[in-house]
Amino acid sequence: MKLNERSLAFYATCDSPADNAGFLYKRGERHTAYHRRWFVLKGNMLFYFEERESREPVGVIVLEGCTVELCDSAEEFAFAIRFGGTKSRTYVLAAESQAAMESWVKSLSRASFDYMRLVVRELEKQLEEMRWGPAGGCGGCRGSPSSWKPKPSGPEPWPERLPALPTVMPKENGCAVWNNALGADLPPNTSGCSGHDSEGNPRLPPLPPRRRASSSEAGGTGAAAAESPSIFCRLHERYGQEVARLRQDWLERRRGPRP
Amino acid sequence: MLPVPGRRAAGWGGRRGLRGRAAAAAAGWGGGRLAMRYNERELLSLARQPAEKAAEILMRVPKKGSVLKKRLVKLVVNFLFYFRTDEAEPIGALLLEHCRITKEEENVFSISFIEEPERKYCFECDSEEQCQEWIEALKRASYEFMRRSLIFYRNEIQKMTGKDPLEQYGISEEARFQLGTRKQ
């Protein structure tokens with residue numbers, strides 16, 4: 001299969017920022033010897049160069065549909081990029097420190113396009129709901145969940161793990177309530193790239209504890225609901241101030257210039 | 001760094017059955033670029049996945065003397081695969097990063113890459129409508145476009161709520177999602 005290699009090489013070496021870069025040892029395919037290579041992660045492409053100063057990459061690993069896991073290896077700080085499929089190769093890499101290994105495992109497991117797309121759609125939905133109200137409110141949302149197409153052979157669909165949005169319940173002071181703490185129940189190692197072993201257990205190595213927003217620490221709906229009216233009221237107040245300002249301007253113009 | 005038994009210094013020695021650049025060098029290919037290695041099996045598997053968009057379109061590659069040929073063109077994540085219409089395996093794949101999608105004449109658009117803007121992959125659609133749909137879809141197909149969208153939405157939500165929407169997912173510190181540190 002042909003690939004636009006020149007463009008790939010350009011992407012690898014151009015000055016767009018990399019999502020991760022550093023030396024890693026890569027185990028050869030036929031021989032178990034490790035070779036030190038300079039790795040550059042951009043988007044869902046993991047490029048590797050013979051030397052840091054090399055002008056073009058030796059190769060690239062396309063990271064869609066992979067899982068990243070720690071490795072049982074004689075090699076220290078080893079981890080593996082594994083693909084589904086019977087004859088797929090597993091790339092075994094080793095970092096030079098614990099910190100480097102953790103950094104690479106984290107950035108590689110979230111590198112897929114699918115993962116990025118899920119996050120974007122989630123934020124898009126949040127923004128829509130903040131501007132136009134939750135789905136079923138005024139006009140509903142563009143880009144609703146029905147437009148998601150979780151791929152059967154791809155990473156596990158993120159939306160299915162999220163708690164459903166509660167319906168709008170107006171409170172006495174007229175502020176609408178909605179739950180912004182989406183995904184408060186998500187385990188810390190959800191990622192587009194994480195896979196499961198045959199028993200269905202997630203395989204990602206333990207990541208550093210997730211920093212939780214204060215709303216999710218309180219355990220979900222209750223705390224989140226308490227925060228949401230303040231968000232709505234804050235927006236209401238902000239727009240109200242703008243309206244008051246415009247009205248003031250208009251009144252002054254009506255009065256005419258002062259002598 | 002402590003020396004670890006079993007590691008070898010970088011080098012080409014001791015590897016047989018090479019593919020890609022080393023094989024090309026061994027075969028005596030001079031000049032020109034040597035092939036980049038890539039995980040072809042996974043790319044082929046990606047080509048078989050459900051596409052964001054697929055259609056039979058006339059396509060011409062930027063090679064001297066090439067003509068428009070009917071191809072099955074399939075957009076999957078940030079790759080555009082193209083197949084002979086009766087074959088299961090793609091002829092080729094284009095990674096859609098740092099590319100420019102241009103409307104050419106009626107029903108026609110082209111894809112070119114910023115390091116070689118004159119080399120154009122041309123596509124002739126059945127209708128102007130189909131042409132516009134493909135242009136829109138391809139413009140949004142890159143990872144970099146998606147990243148910019150994410151950063152934009154994150155910024156907007158943060159401005160409106162004072163909270164970082166990525167915090168609840170534990171990914172707010174990820175390098176790839178940082179505001180204001182990336183070039184277009």
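Visitor: In which sense do strand E2 and strand E3 of chain B pair, and over how many bridges?

Guide: Strands of a sheet pair through backbone hydrogen bonds, either parallel or antiparallel. Here E2 (residues 53–60) and E3 (residues 69–76) of chain B pair in the antiparallel sense over 7 bridges. Strands are DSSP runs of E with at least two residues and helices are runs of H or I with at least four, numbered from the N terminus; two strands pair if DSSP finds at least two bridges between them. B:Ala54 stands opposite B:Lys74 in E3(B).

This is a predicted model, in which local features need pLDDT of at least 70 and side-chain atom pairs count only at pLDDT 80 or more, while totals for chains, interfaces and linings use all residues. Residues are numbered from 1 along each chain as its sequence is written, chains are lettered from A and ligands numbered from 1 in the order in which they are written, and side-chain values use heavy atoms, leaving out hydrogens and water.

Visitor: What is the order of the strands in the open sheet?

Guide: The order of the 8 strands is E1(A)-E5(B)-E4(B)-E3(B)-E2(B)-E8(B)-E7(B)-E6(B), with mixed pairing. Strand E1 (2–3) of chain A and strand E6 (99–103) of chain B are the edge strands, each pairing on one side only.

Visitor: Which residues of H3(B) are buried?

Guide: An α-helix has 3.6 residues a turn, so residues three or four places apart point the same way. In H3(B), the buried residues (under 20% relative accessible area; exposed is over 50%, partly exposed in between, with a 1.4 Å probe and protein chains only) are B:Gln130, B:Cys131, B:Trp134, B:Ile135 and B:Leu138. They cover an arc of only 135 degrees around the axis, taken from the directions to the C-beta atoms, which puts them on the same side of H3(B). These buried residues pack against E2, E3, E4, E6 and E7 of chain B, where contact means heavy atoms within 4.5 Å.

Visitor: How many aromatic pairs are there over all chains?

Guide: A pair of aromatic rings is described by the distance of the centres and the angle of the planes. Rings of Phe, Tyr and Trp (its six-membered ring) pair if their centres lie within 6.5 Å; planes under 30 degrees apart are stacked, over 60 edge-to-face and the rest tilted. The count is 9. One of them, A:Phe23 with A:Trp38, is edge-to-face at 4.9 Å centre to centre and 70 degrees between the planes. A:Phe23 is in strand E2 (residues 20–27) and A:Trp38 in strand E3 (residues 34–42) of chain A, so the pair ties together parts 15 residues apart in sequence.

Visitor: Is A:Trp38 buried or exposed?

Guide: A:Trp38 counts as buried at 11% relative accessibility, while A:Phe23 is partly exposed at 25%.
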